[in-house]
Amino acid sequence: MSRPTLTRILLPVAMIATLGGCSLLGSNERSAVTIYSPIVRIQADPGWPKVDWQLVVVKPSAARVVDSPRINVRPSPSELEVYKGVSWAQPATDMLDDALVRGFEDSGRVAGVARATTGIRADYKLALDVRRFEADYRGQATPAAMIEVNAKLIHVIDQRVVADRTFRQEQPVPTTATADVARAFEQGLQAMTTELVGWTLVTGQADYQQAQVMPSRLRQSSGR
């Protein structure tokens, strides 16, 4: 598909606000809308620790243009547009939230995990900010699915930031077809989820073990 054709099948981001209050089918004509719903399943890494602490996943934050069911595409560095006639089943933040909670649960490595809204007593919380979730042409003939997420692992009792890291995934798309774009995002989201789950378990466990060692050392020092 040539670049001029691509431009014709895109809607400006400025139209998102207008579209948000009306049907995706349009006001005067009915046209089919393809809805993509990525399925994310991760495999636990044998090197991940099995931990005794509990975790809450805070609903990810994002700018409005990122946190939308529309599929964003960047044809040039200064342009951000959306594909016409296609949509995500959920906004990017909901997709990542669901993928992470399921990923932690399926890993079998954490004593308890839940969303922050459940109110469980947790030792750590994972706060996320989705910075990019878009197809980016980067001057190439076909785009790449770009996902960028900043993650902060926070110790709940003292609200101490245990670790802060920005994760990036870039999955090339073989064609300009939206089905291929959606498939690349599914692959990127799976890789991102795997990275985040592994990083959280390893980083949290290191902090948890250190916290267990410190009181023992203090007791030994006071007994001398």
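These legends describe close-up views of a predicted model. Local features need pLDDT of at least 70 and side-chain atom pairs pLDDT 80 or more, while totals for chains, interfaces and linings use all residues. Residues are numbered from 1 along each chain as its sequence is written, and side-chain values use heavy atoms, with hydrogens and water left out.

View 1. Helices (H or I, at least four residues) and strands (E, at least two) are DSSP runs, numbered from the N terminus. Of the 224 residues in the chain, 42% are buried. Buried means under 20% relative accessible area, exposed over 50%, and partly exposed in between (1.4 Å probe, protein chains only). A contact means heavy atoms within 4.5 Å. Among contacts with a separation of 6 or more, 72% join residues 24 or more positions apart.

**View 2. The largest nonpolar core holds 48 residues.** Such a core is a set of buried Ala, Val, Leu, Ile, Met, Phe, Trp, Tyr and Cys residues joined through side-chain atoms within 4.5 Å. Leu55, Leu96, Phe104, Leu128 and Phe133 have the most contacts inside this core. Helix H4 gives the most to this core, with 10 residues. Leu128 touches residues including Val57, Leu96, Leu100, Val149 and Leu196. In soluble globular proteins, nonpolar side chains tend to be buried together.

**View 3. Trp199 sits in helix H4.** Trp199 counts as buried because its relative accessibility is 12%. Its contacts beyond four places in sequence include Leu126, Leu153, Ala163 and Phe167. Trp199 and Ala163 are 36 residues apart along the chain, yet their C-alpha atoms are separated by 9.7 Å.

**View 4. Gln169 lies in strand E11 (residues 160-172).** Gln169 has 14% relative accessibility, so this residue counts as buried. Its side chain makes a polar contact of 3.3 Å with the side chain of Gln171. A polar contact is a pair of N or O atoms within 3.5 Å; within protein, one must be able to donate a hydrogen and the other to accept it, and residues adjacent in sequence count only if both atoms are side-chain atoms. Beyond four places in sequence, Gln169 touches Ala145, Met146, Ile147, Gly188, Ala191, Met192 and Glu195.
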